[in-house]
Amino acid sequence: MKKILVTGGLGYIGSHTVVELINAGFEPVIIDNLSNSSLDVLQRIEKITDKRIQFEKFDLRVKNDVTDFFRENKDIEGIIHFAASKAVEESVRNPLLYYENNLHTLIYLLQECQNNGIENFIFSSSCTVYGEPDSLPITESASVKEATSPYGNTKQISEEILRDTCAVTSLKSIALRYFNPIGAHETAEIGELPIGVPQNLVPFITQTAAGVRDILSVFGADYDTDDGSCIRDYIHVVDLAKAHVVALQRLVDNKNVSNYEVFNLGTGRGSSVLEVVNAFQQTTGVKLNYKIVGRRPGDVVAVYADTQKANEELGWKAERSMEEALLSAWKWEKKIREL
Ligand code: NAD
Ligand code: WQD
């Protein structure tokens, strides 16, 4: 069984990926400092998979701890690097936290890849690197626009670090540009756990439906779209998790075409905010309290993925519907609120 290090493996996307890695016969080892997750996620993953999982709690910003980990774990064959700070607004207020956490951790891990001969590296990138696109759907060859937040900039810089490292070492890396991950595992054992007021649409919807928030604000209905609200590509987190396993297998099997590759991970379908709101109401039967307010600064009008490259080269396709994703998100919200 191949041992795969999953950094940030107790977080939202990481926890779902750990489950899929185990389903596919890999042996994940998790590092997480619990800065945005909790230890009971480990037990929940173990419950879903009926497997014991090696977990190391430490901060990847501490270089000596990273080095010690690799000294003690000589049999790691690949890394999936999720650990990062991800709140766009917070990154504007505290850029150094974001540059330190998102870049130092990557650099230390890549140094250890070099020192320990680890050649397979999957990185969590984001569609945020595209900014406001010139045409839709967005292909991987679309230009990367100047970042609109320090968070977005860390993803752009990280991709450059990977590209430059792969050019001169034996490292093989795939950067996966996620569109908008939503939903939860079908068991409702794991899901998204935003701390404080959710910034993202679907957790805000489910918390409003659960009565934790009074009302959902729809940020703008005067955009140049059919119903005036912004369009995004919402992808079920389980589909996203499965793509990581496929990408990892591609590297392990040396099926990669170049040492640094980039793939969009989305459904290829754009949905407006109001469509998501309506879909939630229809599939769950829960009436949502919402109002249309002004635009949120920094929002792009419309983004959705061209998924042809991922479909053809990775042989991966998002299979779950938006309704399925929204239902799973609602099931998860009800479970954690004990409704
Ligand atoms: P998350 O916050 O749920 O998970 C990240 C995990 O990493 C957390 O468990 C956190 O405790 C851990 N972590 C953070 N810094 C660490 C450090 N220094 N040392 C050890 N552990 C650390 O986030 P997520 O939504 O699962 O996102 C995972 C990755 O995907 C991130 O890199 C994020 O930027 C990227 N991404 C997320 C989205 C999204 O909408 N969720 C979209 C695009 C890209
Ligand atoms: C989606 C749509 C909002 C909340 C962010 C990051 C991006 C990536 C994914 C990491 C937008 C609208 C939202 C609300 C609303 N993360 N909305 N009311 O902005 O596409 O992307 O998460 O890489 O980098 O920027 O996602 O879920 O915040 O918003 O009307 O209460 O929902 O205006 O149109 P976004 P989101």
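**Entry 1: overall build**

What percentage of the 339 residues in the protein do buried residues make up? I looked this up before anything else. Buried residues make up 55%. I note that this is a predicted model.

I then turned to the fold. The protein has 11 helices and 13 strands. The C-alpha trace spans about 55 × 45 × 40 Å along the principal axes.

Residues 24 or more positions apart account for 80% of them. The accessible surface comes to about 14900 Å², and carbon and sulfur atoms hold 46% of it. I also looked at charge. There are 35 positive and 47 negative charges, and their mean positions are 3 Å apart.

**Entry 2: helix H7**

I picked helix H7, residues 201–209. How many of its residues are buried? The count is 9 of 9. Among them are Leu201, Phe204, Ile205 and Gln207. I asked what they pack against, and found strands S7, S8 and S10 along with helices H9 and H11. Just after H7, I saw that Gly211 takes a positive phi of about 85°.

Most residues other than glycine have a negative phi, and most peptide bonds are trans.

I found a cis peptide bond from Leu136 to Pro137, with omega near -10°. Pro137 sits in the loop between strand S5 and helix H6.

Ala188 has a positive phi, near 60°. Its place is the loop between S7 and H7. Is Ala188 buried or exposed? Its relative accessibility is 2%, so I logged Ala188 as buried.

Glu338 also has a positive phi, about 55°, although it is not a glycine. I located Glu338 in the segment after H11. Its relative accessibility is 72%, so Glu338 counts as exposed.

**Entry 3: a serine in S5**

I looked up Ser125, which is found in strand S5. Ser125 is buried, with a relative accessible area of 1%. Which residues is Ser125 in contact with, leaving aside its neighbours within four places in sequence? I listed Lys155, Glu159, Ala175, Leu176, Arg177 and Tyr178.

**Entry 4: salt bridges**

Side chains of opposite charge can pair when their charged atoms come close. I counted the salt bridges and got 21.

I began with Lys335 and Glu189, whose closest N and O atoms are 3.1 Å apart. Lys335 lies in helix H11 and Glu189 in the loop between S7 and H7, so the pair ties together parts 146 residues apart in sequence. Lys335 is partly exposed at 36% relative accessible area, while Glu189 is buried at 9%.

My next pair was Arg295 and Asp222, at 3.0 Å between the closest N and O atoms. Arg295 lies in the loop between S13 and H10 and Asp222 in the loop between S8 and S9, so this pair ties together parts 73 residues apart in sequence. Arg295 is partly exposed at 46%, and Asp222 is exposed at 53%.

I ended with Arg250 and Glu313, a salt bridge of 3.2 Å, N to O. Arg250 is in helix H8 and Glu313 in helix H10, 63 residues apart. Arg250 is buried, with a relative accessible area of 8%. Glu313 is partly exposed, with 38%.

How values were computed. Residues numbered from 1 in each chain as written. Chains lettered and ligands numbered in written order. Predicted model: local features only at pLDDT ≥ 70, side-chain atom pairs only at ≥ 80, totals over all residues. Heavy atoms only, no water. Helix = DSSP H or I, 4+ residues; strand = E, 2+ residues; numbered from the N terminus. Buried < 20%, exposed > 50% of the residue type's maximum accessible area, 1.4 Å probe, protein only. Contact = heavy atoms within 4.5 Å. Areas by Shrake-Rupley, 256 points an atom, 1.4 Å probe, with all protein chains shown as cover. Lys, Arg positive; Asp, Glu negative; His and termini not counted. Charge placed at Lys NZ, Arg CZ, Asp CG, Glu CD. Salt bridge = Lys/Arg side-chain N within 4 Å of Asp/Glu carboxyl O.
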